Amino acid sequence: QVQLVESGGGSVQAGGSLRLACAASGRTFSGYRMAWFRQAPGKEREFVAGIRWTGGSTSYADSVKGRFTISRDNGKSTVYLQMNSLKPEDTAIYYCAISRSYCSGGGCYVRSLFDYWGQGTQVTVSS
């Protein structure tokens, strides 16, 4: 059984920064993909950033490119999301997720491919 625990959310003014962490436990994660999704009130849950546990290649939503950085610490089984230049539209609950399915090429960060989810952490950006 895989468990994911997010931390690091909070409230910040526009232009500020936050760092989210997602600690994973339960088994080894070689070959898996981990990702951050977010869900704002009244909106669908959307992909934010993803990383392959092996190799470390990353992917980002266009809305966060150049502002957010996803990284991992293999030794701690933890994935981070560094969020800079935050905007009010970044306000949402942020979820960490793991996908165990094999995937190559495009479309590997589709929400339906992710089968373990954290409880979420609130990020609020005020103008």
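The questions below concern one arginine and the disulfides.

This is a predicted model, in which local features need pLDDT of at least 70 and side-chain atom pairs count only at pLDDT 80 or more, while totals for chains, interfaces and linings use all residues. Residues are numbered from 1 along each chain as its sequence is written, and side-chain values use heavy atoms, with hydrogens and water left out.

Q: Why is R38 called buried?
A: Buried means under 20% relative accessible area, exposed over 50%, and partly exposed in between (1.4 Å probe, protein chains only). R38 has 6% relative accessibility and therefore counts as buried.

Q: What makes the pairing of R38 and E46 a polar contact?
A: The term requires a pair of N or O atoms within 3.5 Å; within protein, one must be able to donate a hydrogen and the other to accept it, and residues adjacent in sequence count only if both atoms are side-chain atoms. The side chains of R38 and E46 meet this at 2.7 Å. The side chain of R38 also makes a polar contact with that of D90, at 2.9 Å.

Q: How do you know that a disulfide joins C22 to C96?
A: A disulfide is a pair of cysteine sulfur atoms within 2.5 Å, and the S to S distance for C22 and C96 is 2.0 Å. The two cysteines lie 74 residues apart.

Q: Why does C103 count as buried?
A: C103 has 13% relative accessibility, so C103 counts as buried. Its disulfide partner C108 is likewise buried, at 3%.

Key: Helices (H or I, at least four residues) and strands (E, at least two) are DSSP runs, numbered from the N terminus.
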